[in-house]
Amino acid sequence: MNAQWKKSTIYQIYPKSFYDSNGDGIGDIQGIISKLSYLADLGVDYLWITPMYKSPQYDNGYDIADYYAIDPMYGTMDDFDELVTKAHEKGLKIMMDIVVNHTSTEHQWFQEAKKDLTNKYRNYYIWKNGKGVSEPTNWQSKFGGSAWAKTPETEEYYLHLFDERQADLNWENEELRKEIYKMMRWWLEKGVNGFRLDVVNLLSKSHDFKDDTLENAQADGRKYYTDGPKIHMYLQEMNREVFAKFPGTLTAGEMSSTTIEQCIEYTKPENKELDMVFNFHHLKVDYLKLEKWSNAKVDYKQLKELICTWQKGMQTGNGWNALFLSNHDQPRAISRFVNPQKYHFEGATMLAIMMSALQGTPYIYQGEEFGMLNPEFTEISEYRDIEAINHYDILQKKGFSKDETLEILRLKSRDNSRTPLQWNNTQNAGFTTGIPWINVGKNYRNINAAEDEKSAKSIRKFYQKLIALRKTESLLMTGEFEYIQTAPEIFAYNRIGVDEQLLVIVNLSEKGQPIPIIADNIGMNEIILSNYRQVDIPSKLMPYEALIIKKTKR
Ligand code: TEU
Ligand code: CA
């Protein structure tokens, strides 16, 4: 039996930028509550909300200081409970974003741990002696610089794979693990329906803390802690201790620099670990030699090939993918993969079809449903993200000019997706009556939810159809994925069932293309979704044209 959630669509909310209900310039829980009808109307099933726990916000909430408290800038625990209740009334389920690889250094555990070598909480974190005057290993933080830092109290270094104010937890410590499971159960008891688990494949650090000697762009230590030796043991334990006690809990793991083989293990049902995984390989197709902070063109051939390799691999191993092009860490997909100046609607809907008809569970990132674009920041003062601010210096130290650096940030910064949701064309895009914590995108007068709603070519209405189709068209869930070789500009695949199949054809380019031979008239062909309102199979694909064709054998 296939799980019901496989038909679901999940909507990601970045609360800080979703909707501000009290004019302090920061989105909040009451803001989400006031927009629940908008979300229910879109047809999505789950809301994944990025962290709202108490936090100093050095990494926008991914630095948790108290797992049991809501940060006051978002509201109160009562607001949260109200959100869960009201969401449920509208048929929307809630997925918490949970960060258990690290905590904020302001978490009470760390505040205790740093005091001295014998503190009860010392072993909650990972401490090592330095090598003379240098760090224990040459591992690099994902946000730039060394992955080790010291506190003034002792001589030892603590590990931080992200910012130095995010200390990595020691999963070897059973007591810590029990605390984490207890906390996760506490949220489930409150009625939340699932978890998105932040960088969850980094929990198990290998026992040897050695220098990374790989001679490539990624000699940053990741091989010592990615998909580490005990990771499956930990996730199986978490499943037994947490998820299994609350049947129906949906889990999605965020997997950093992982492999298909590992992701099969994480998600195949018999392993009892997670329901689905996010991987990022297909979002590195505009990196230069694996380097994100570069200005390279999208390699569409590689994009197709990576998606297909993962589809085939995960299907063969009985794993399950989370399908996405956008999230709060990525630039806006429409700015990145299509030409939105000329073909905003066509480009956005083509990407939507391309992803949603694959095998897996699709995610929509806030604003994607009406085609939000990058904000086009031009000054370093406009950026808020620690990673962007760090790299402003790092890149210039590497020899890039200031202009080159700002251009790379404009294309790659995570702030691209973190600007206020553009609700309408009034001041601040209708997000706040105050001063927004980050500038609103320069394009908000034309690109906003209200404008889209009025338009004859509404991206949101197209998403509604696509989301509804997942419920009625079971081949989208069960059909076997088969890649079809075509011209580089076209991406085509089948989802094969017993006597029916879906043929998906998308034109990745802004030029017309001859339609591949596969769309012939053998059997019964019916177009079930088209972003050009096609009724009959066309002889030529228009710019960014996308079609789902249902073929029925006679
Ligand atoms: O991100 C994990 C992660 O490794 C990236 O997506 C990261 O943002 C990227 O490598 C930087 O180029 C998760 C969260 O989604 C992200 O927002 C957090 O900052 C990070 O974990 C730390 O908790
Ligand atoms: Ca607010």
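Q: Is serine 294 buried or exposed?
A: Serine 294 is buried in this predicted model. Its relative accessible area is 6%, and because buried means under 20%, that value qualifies.

Q: Where is serine 294 found?
A: Serine 294 sits in the loop that runs between strand S13 (276-278) and helix H8 (300-316).

Q: What does the side chain of serine 294 reach?
A: The side chain of serine 294 reaches the backbone oxygen of glutamate 291, at 2.7 Å.

Q: And beyond its neighbours within four places in sequence, what is serine 294 in contact with?
A: Leaving those neighbours aside, serine 294 is in contact with Asp286, Tyr287, Leu288, Ile408 and Lys412.

Q: Changing topic: which residues coordinate the calcium ion (ligand 2)?
A: Asp20 (OD), Asn22 (OD1), Asp24 (OD), Ile26 (O) and Asp28 (OD) coordinate the calcium ion (ligand 2), at 2.2 to 2.4 Å.

Q: How are those donor residues spaced in sequence?
A: The spacing of the donor residues is D-x1-N-x1-D-x1-I-x1-D.

Q: Take aspartate 28. Buried or exposed?
A: Aspartate 28 counts as buried, at 4% relative accessibility. Aspartate 24 is partly exposed, with a relative accessible area of 38%.

Q: Where in the chain is aspartate 28?
A: Aspartate 28 is in the loop between strand S1 (10-13) and helix H1 (29-34).

Q: What does aspartate 28 touch, not counting residues up to four places away in sequence?
A: Aspartate 28 touches Pro15, Tyr19, Asp20, Ser21, Asn22, Met73 and Tyr74. With serine 21 there is also a side-chain to side-chain polar contact, of 2.9 Å.

Q: What separates the C-alpha atoms of aspartate 28 and alanine 388?
A: These C-alpha atoms are separated by 24 Å, and along the chain aspartate 28 and alanine 388 are 360 residues apart.

Q: Now ligand 1. Which residues come nearest?
A: Asp59, Asp198, Asp329, Glu387 and Arg414 come nearest, out of 16 residues around ligand 1.

Q: How many Å is it from aspartate 59 to an oxygen atom of ligand 1?
A: A polar side-chain atom of aspartate 59 lies 2.5 Å from an oxygen atom of ligand 1. For arginine 414, an N or O atom of the side chain is 2.7 Å from an oxygen atom of the ligand. For histidine 102, the corresponding distance is 2.9 Å.

Q: What share of ligand 1 does the protein bury?
A: The protein buries 90% of the 490 Å² that ligand 1 exposes when taken alone.

Q: Which residues of helix H6 are buried?
A: In H6 (residues 231-241), the buried residues are Ile231, His232, Tyr234, Leu235, Glu237, Met238 and Asn239.

Q: What covers them?
A: The cover includes helix H5 (174-189), strand S11 (194-197) and helix H7 (260-267).

Q: Stepping back, how many helices and strands does the chain have?
A: The chain has 15 helices and 22 strands.

Q: How does its radius of gyration sit with a compact globule?
A: The radius of gyration is 23 Å, which agrees with a compact globule, because one with 554 residues would have a value near 24 Å. The C-alpha atoms fill a box of roughly 75 × 50 × 50 Å along the principal axes.

Q: What percentage of the residues count as buried?
A: Of the 554 residues of the chain, 62% count as buried. The accessible surface comes to about 21,700 Å², and 50% of that belongs to carbon and sulfur atoms.

Terms used: Residues numbered from 1 in each chain as written. Chains lettered and ligands numbered in written order. Predicted model: local features only at pLDDT ≥ 70, side-chain atom pairs only at ≥ 80, totals over all residues. Heavy atoms only, no water. Donors = N, O, S within 2.8 Å, 3.2 Å for Na, K, Ca; no water. Buried < 20%, exposed > 50% of the residue type's maximum accessible area, 1.4 Å probe, protein only. Helix = DSSP H or I, 4+ residues; strand = E, 2+ residues; numbered from the N terminus. Polar contact = N/O pair within 3.5 Å; in protein donor to acceptor, adjacent residues only side chain to side chain. Contact = heavy atoms within 4.5 Å. Near = heavy atom within 4 Å. Areas by Shrake-Rupley, 256 points an atom, 1.4 Å probe, with all protein chains shown as cover. Rg over C-alpha atoms; globule rule 2.2 N^0.38 Å.
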